Amino acid sequence: MQIDTFHLTYCTNIHAADGWDAVFANICRYAPPLKARFAPAAPFGLGLRLSAREARELLEGDRLAQFRAFLDREGLYVAIINGFPYGPFHGTPVKEDVYAPDWRHDARVQYTLDLITILSKLLPEGIDGGVSTAPLSYKAWVADKGESAWETITQNVVRIANVLVRLRAATGALIHLDIEPEPDCSLENTDETIEFFERWLMPAGAPALARSLETTEGAAREHLREHIRLCFDCCHFAVEYEDPAAALERFQKSGIRIGRIQLSSALEVSFPRDAREAAATVAALRPFADTTYLHQVVEPRAGGLVHYPDLGDALAATATPPIREIGDTRKIRDWRIHFHVPLFAQEYESFASTQDYVRKVIGLAAESRVTRHLEIETYTWDVLPAGLKVDLLESIAREYEWVLGAIPR
């Protein structure tokens, strides 16, 4: 739904589904009552999540036309699609497979092209659209591959830009690919993201795109800036301990545009000084170490940030009391954990969340107008500890209520 200049949506990756029929059933169940509650007299947007299989199924026969007719009939619309996870996202271990196939592989390109085809048929007139995607690769997969991996990644991203430029020329529809930095991935922070744009996408990608489009390199660079953007996920940038104002300012100065901001909150833990209480905190964290998703952990230390690839690894490293020495002072160990906890709560039992970070990003977005798209993206409901689970429809509604209260008016 439109709030001032923003289109506020929630991502349907919150719903477990296997196949297009299941995705559609979830939309039918949840979207109309949410619209009736929050936008009874206005269009209500959805952030559509489709796996590669579900995208192919939606493109079969007249399903896409039927879906567009359903959206129009119900007063719903789709302007953004989540194209990050290629395969299943619920009910099975995902872990690092969420990044596969990465941007070295044609399967990732074809999946993204399918989503662009779908979005081009659903996008309302006058609204820019976006397809979010993985942060190019998982860092461990390309660490020893040298420049050839980055050359392939850049070529494949340019293939998408080529299609998007031609689509806009033919239809007028502005669709962008929104790359989503994430901890421990090839793009995980502001520095690495800017480096990709400045070292690879512009110097190598612009000449290739210019040749394909038979235009100048200057025009090709502007096309890349228009169609290759970022998905700024609040949880991910908070886990990296990035100052959001500084990050957004640096992206703007580098000519990197924000396709969407995902409103997501990370888990934040400050260990007590007392060793026994610290051990109790470790025990309380164990239920969050599920077998489905990666929950990267980042800990600030005097020499920089320490990364743990998953919460289980971080917990295994806490055999000694989780207090570290810095000079002559003792400092409590702090963690931020990649676990998308609900936005509407600041505290979770003995832990906190980065809710204030999300509120700050919303304020910055309202002030700077860096994007038109705000997407609620809390997807971990099914793996939350039992004591934190509540009715899903009511929980999504509470997410909306919190966000609406955080948007400056």
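**Rings, charges and strands**

Mentor: Start with one aromatic cluster: Tyr-10, Phe-38, Phe-44 and Tyr-400 form it. This is a predicted model, where local features need pLDDT of at least 70, side-chain atom pairs count only at pLDDT 80 or more, and totals for chains, interfaces and linings use all residues. Residues are numbered from 1 along each chain as its sequence is written, and side-chain values use heavy atoms, with hydrogens and water left out.

Trainee: Why is the pair of Phe-24 and Phe-70 called edge-to-face?

Mentor: The ring centres are 4.9 Å apart and the planes stand at 80°, so the pair is edge-to-face. Phe-24 is in helix H1 (residues 20–38) and Phe-70 in helix H3 (residues 63–74), 46 residues apart. Helices (H or I, at least four residues) and strands (E, at least two) are DSSP runs, numbered from the N terminus.

Trainee: Are Phe-24 and Phe-70 buried or partly exposed?

Mentor: Buried means under 20% relative accessible area, exposed over 50%, partly exposed in between (1.4 Å probe, protein chains only). Phe-24 has 27%, so Phe-24 is partly exposed. Phe-70 has 6%, so Phe-70 is buried.

Trainee: What makes Tyr-99 and Tyr-138 a stacked pair?

Mentor: Their centres are 5.2 Å apart, with 10° between the planes. Tyr-99 lies in the loop between strand S4 (76–82) and helix H4 (106–122), and Tyr-138 in the loop between strand S5 (129–133) and helix H5 (139–142), so the pair ties together parts 39 residues apart in sequence. Tyr-99 is at 0% relative accessibility, so Tyr-99 counts as buried. Tyr-138, at 11%, counts as buried.

Trainee: How do you know that the charged end of Arg-369 sits over the ring of Phe-6?

Mentor: The test asks for NZ of Lys or CZ of Arg within 6 Å of the ring centre and within 35 degrees of the ring normal. The charged end of Arg-369 is 5.9 Å from the centre of the Phe-6 ring. Arg-398 lies over the face of Phe-344, at 3.8 Å.

Trainee: Why do strands S11 and S15 count as edges?

Mentor: Two strands pair if DSSP finds at least two bridges between them. The open sheet runs S11-S10-S14-S9-S16-S15, with antiparallel pairing. S11 (304–308) and S15 (347–348) each have a single partner strand, so one side of each lacks a neighbour in the sheet.

Notes. Phe/Tyr/Trp six-rings, centres within 6.5 Å; stacked < 30°, edge-to-face > 60°.
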